[in-house]
Amino acid sequence: ALSLTSSFASIDANAKQAKIGKRVRIFSPLLSDSSSLLHSIRGGGDKRNIQEISTGDEIKVNSDYNSSSSSAVSKKMYNKQASNWVRTEPRCLSDFTGRPVVFGMLSKEIQRLSDACVLDVGCGEGYCARKVISMGASKVIGSDVSREMIKSALATAQGDERLKFYSAPCCDLLKGLDDQCEYLGIGDRGAEECVDIAMAVFLFNYLTTAEMGDAMNQIYTALKPGGVFVFSVPHPSMIYCHDSDAIFHLDSKGRGYFSSRNEKIFGQISTVDGAKLNIMSVHKTLNDYIKAINKAGFQILDIQEAGVTEEHLETNRDFFESVQDRPLHLIFKLRKPSE
């Protein structure tokens, strides 16, 4: 309980410590107006640029995006709101409910290796990559389809040589690793079997089942034998969570669990400071994930359902209450068989 409480407290503490100097320079390149310093330190960039979309706006977004590929939608969505995702402390719902489970699954693997190299596919602005470095990884290689997210990741990394970021769609993951091998420090080995651990945190919900299968195959190739792959996705049952008052919801009213496979469903997830972040879920069933895992050749080590805990409610009931007692996320821990 102490760590969760301190995470909430540190949001305001960090802001109070960051009135001038170096901390301002960290965030100011990501802002359209430096007067938004307080909000940027709390993790969100210029709050005036955050899309507070109404029901009517959601319909318009769906109409604009439904005919586009999932990769194109992801790129456009995150290029537009990249600075809104930047944070150095837990801020959005899944930072408290989903990502800690991912980190827990990775921790033992990182500690087991003296110089773990981690591949972060769909790294976004680098929040998870930075966390994994703090857990003891020697290097994290992050890729993302959004160039604006990569710019934010590089800016927030402040030149830390342990963090390497480049922009590429996950369908070109191996090509990107090969093309960037010198910068990434993987030498002449190239992309094949170049990393010890891989993670994909809320990536596959932006891909179709075919795209997900292709990405898993490429991640499998990039992993060394015996390497571990951890990924998280929205729980498939979230298709039934369409209450617009909930801090995590999808515009999925009337959608069916099986009949909506591979449909792009838009929604929002809220932050502790009141912002609303736009998200997308290309719906999949549990069986879709299991089939893709088996086809790629991974062994399943663990599957966990994550959601709001009693600790969350004790710390900030007002924030978490609207999604309590719901399975919000699925987290998988897989292994590439040793040769």
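**Walking through the model**

Mentor: The chain has 14 helices and ten strands. Keep in mind that this is a predicted model.

Trainee: OK. How much of the chain counts as buried?
Mentor: Of its 339 residues, 54% count as buried.

Trainee: And what share of the contacts with a separation of 6 or more comes from residues 24 or more positions apart?
Mentor: Those account for 69% of them.

Trainee: Let's look at strand β7. How many of its residues are buried?
Mentor: Seven of the seven, residues 264–270, so β7 is largely enclosed by the rest of the structure.

Trainee: Which residues point which way from β7?
Mentor: K264, F266, Q268 and S270 point one way, and I265, G267 and I269 point the other way. In a regular strand, side chains alternate between the two faces of the sheet.

Trainee: Who does β7 pair with, and how many bridges does it make to β6?
Mentor: Strand β6, residues 248–250, pairs with β7 in the antiparallel sense over three bridges. One of the bridge pairs is F248 with I269 in β7.

Trainee: And how many bridges join β7 to β8?
Mentor: Seven, and these strands also run antiparallel, with β8 covering residues 276–282. S270 has K276 in β8 as its bridge partner.

Trainee: What's between β7 and β8?
Mentor: Five residues, and the two strands form a hairpin. In the turn, G274 has a positive phi of about 95 degrees.

Trainee: Switching to helices. How do α5 and α9 cross?
Mentor: The axes of α5 (residues 70–85) and α9 (residues 147–157) come within 7 Å and cross at roughly 25 degrees. Angles under 35 degrees count as roughly parallel, and that makes α5 roughly parallel to α9.

Trainee: Left-handed or right-handed?
Mentor: α5 passes α9 in a right-handed crossing.

Trainee: Which residues meet there?
Mentor: From α5 you have Y78, N79, A82 and W85, and they meet R147, E148, M149 and S152 of α9. By class, that contact has four nonpolar, two polar and two charged residues.

Trainee: One more, helix α8. How many of its residues are buried?
Mentor: Six of the eight in residues 127–134, so α8 is largely enclosed by the rest of the structure.

Trainee: Which ones are buried?
Mentor: Y127, C128, A129, R130, V132 and I133.

Trainee: And what follows α8?
Mentor: G136 does, with a positive phi near 120 degrees.

Notes:
Residues are numbered from 1 along each chain as its sequence is written. This is a predicted model: local features need pLDDT of at least 70, side-chain atom pairs count only at pLDDT 80 or more; totals for chains, interfaces and linings use all residues. Side-chain values use heavy atoms; hydrogens and water are left out. Buried means under 20% relative accessible area, exposed over 50%, partly exposed in between (1.4 Å probe, protein chains only). Helices (H or I, at least four residues) and strands (E, at least two) are DSSP runs, numbered from the N terminus. Two strands pair if DSSP finds at least two bridges between them. Axes are lines fitted to C-alpha atoms, for helices over the stretch in contact, and angles run from 0 to 180 degrees between N-to-C directions. Angles under 35 degrees count as roughly parallel, over 145 as roughly antiparallel, 65 to 115 as roughly perpendicular and the rest as oblique. A crossing is left-handed if the near helix is turned anticlockwise from the far one by less than a right angle, and right-handed if clockwise. Contact means heavy atoms within 4.5 Å. Ala, Val, Leu, Ile, Met, Phe, Trp, Tyr, Cys and Pro count as nonpolar, Asp, Glu, Lys and Arg as charged, and the others, Gly among them, as polar.
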